[in-house]
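Colleague: Please take a close look at one part of this model, the place where the two chains meet. How is that contact built?

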There are 2 protein chains.
Amino acid sequence: MRSARDRSVCDGRRDAQPVPDDEHAVDLGPLDDFIGYVLRRAWLRVSADFQAALREVDLKPTQFTVLLIIGRNVGLSQSEVCSALGIQKTNFVPLLNELVRRGLAERRPAASDRRSHALHLTPEGEALLERAMTLHAALEERLTARVGKRGREKLIELLHRLSRTD
Amino acid sequence: MRSARDRSVCDGRRDAQPVPDDEHAVDLGPLDDFIGYVLRRAWLRVSADFQAALREVDLKPTQFTVLLIIGRNVGLSQSEVCSALGIQKTNFVPLLNELVRRGLAERRPAASDRRSHALHLTPEGEALLERAMTLHAALEERLTARVGKRGREKLIELLHRLSRTD
DNA sequence: AGGGATTGGTTATATACAATAACGATATCG
DNA sequence: CGATATCGTTATTGTATATAACCAATCCCT
């Protein structure tokens, strides 16, 4: 979130030099009262925070959720992971490939269907997931500090209502 | 947001065929209680809603905000718009080009600096912006219906707190 | 049991969006 | 004047998401 006030740091004009009227403060209009705009700014911010918090384990948000789901549902197929997370199966392939390449997850032959793969975490994957969970918990605490414990619960409830299909 | 229950529609297995335990319901674990995850799902949803709502005027979220800012701050330079909205100046060029190509905005020579451009809306741009504002207001009402009038205010406040730099 | 339709996984490809590097023209500062 | 910074631009990269087409395996229906 960059407020109009921040603009001064990118502004070559000096205070000594008279600026035409109030042009030095950009009028954002009703923007800060639009759900979509505020939601986008919040997402960009939290997204950056996430990236910084999980840099040590080098996991992107989607990779993190995939590891989490696989860890909690041993033997899940790729399609199942995809529909559970709302990912496109075609985009899931390179994502999983990367996790496999790093030795975090495995594709094992499925028992009942020779087309599908049963997905498992390797011991390394489980260890990394655990570490990632710790880092993520710390992030969640920092985010909670911004909105308060009660505010966090309310926020999550409101966001769920916002994304529910009506 | 795709719930675990939706998975059945992508699931080849029949009910008659005994499924190992409760595997037919994917355990999302603590995911639905993570601010980042819930925020992302909400953003994706609202983003899609926005696209649908403003299809008539064919404006993407960023284009909409740019028109809004230019309309409210006549003669702003490109850099000023960029820093006000947190956009990269390099990414702003093709965005503005498109608006100019469609006859919605203009680059006029700036009075005080021959390097910079004073940005203006054309009459067509102003008309389209007004129409877009109407469509957007309707969208905002539909979103408000999901969280309630009071919930909307609370949500915006919480999102602001979430994206503020601490 | 056989044959059409469907599904799981994959590849290739297209589009949108954000970030970096470098450049010419202009403006500012010492 | 000369060093330095800024405005706008191009080119390029990386990431995220969506579409089309494909093979093999499975399902469904008669």
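Modeller: Chain B and chain A bury about 6300 Å² between them, with 64% of that on carbon and sulfur atoms. Buried area here is the accessible area, taken with a 1.4 Å probe, that two parts lose on being put together, summed over both. Within chain B, B:I35, B:W43 and B:R146 supply 10% of the area buried against chain A, more than any other three residues. The contact draws 62 residues from chain B and 60 residues from chain A; contact means heavy atoms within 4.5 Å.

A word on the source. This is a predicted model, in which local features need pLDDT of at least 70 and side-chain atom pairs count only at pLDDT 80 or more, while totals for chains, interfaces and linings use all residues. Side-chain values use heavy atoms, without hydrogens and water, residues are numbered from 1 along each chain as its sequence is written, and chains are lettered from A and ligands numbered from 1 in the order in which they are written.

Helices are DSSP runs (H or I, at least four residues), numbered from the N terminus. The axes of α6 (residues 149-163) of chain A and α1 (residues 35-53) of chain B come within 9 Å and cross at roughly 30°. Axes are lines fitted to C-alpha atoms over the stretch in contact, and angles run from 0 to 180 degrees between N-to-C directions. α6(A) and α1(B) are therefore roughly parallel to each other (angles under 35 degrees). From α6(A), the residues A:R152, A:L155, A:I156, A:L159, A:H160, A:L162 and A:S163 take part; they meet B:I35, B:V38, B:L39, B:R41, B:A42, B:R45 and B:V46 of α1(B). By class, the residues of this contact of α6(A) with α1(B) are 9 nonpolar, 2 polar and 3 charged. Ala, Val, Leu, Ile, Met, Phe, Trp, Tyr, Cys and Pro count as nonpolar, Asp, Glu, Lys and Arg as charged, and the others, Gly among them, as polar.

Key: Helices (H or I, at least four residues) and strands (E, at least two) are DSSP runs, numbered from the N terminus. Angles under 35 degrees count as roughly parallel, over 145 as roughly antiparallel, 65 to 115 as roughly perpendicular and the rest as oblique.
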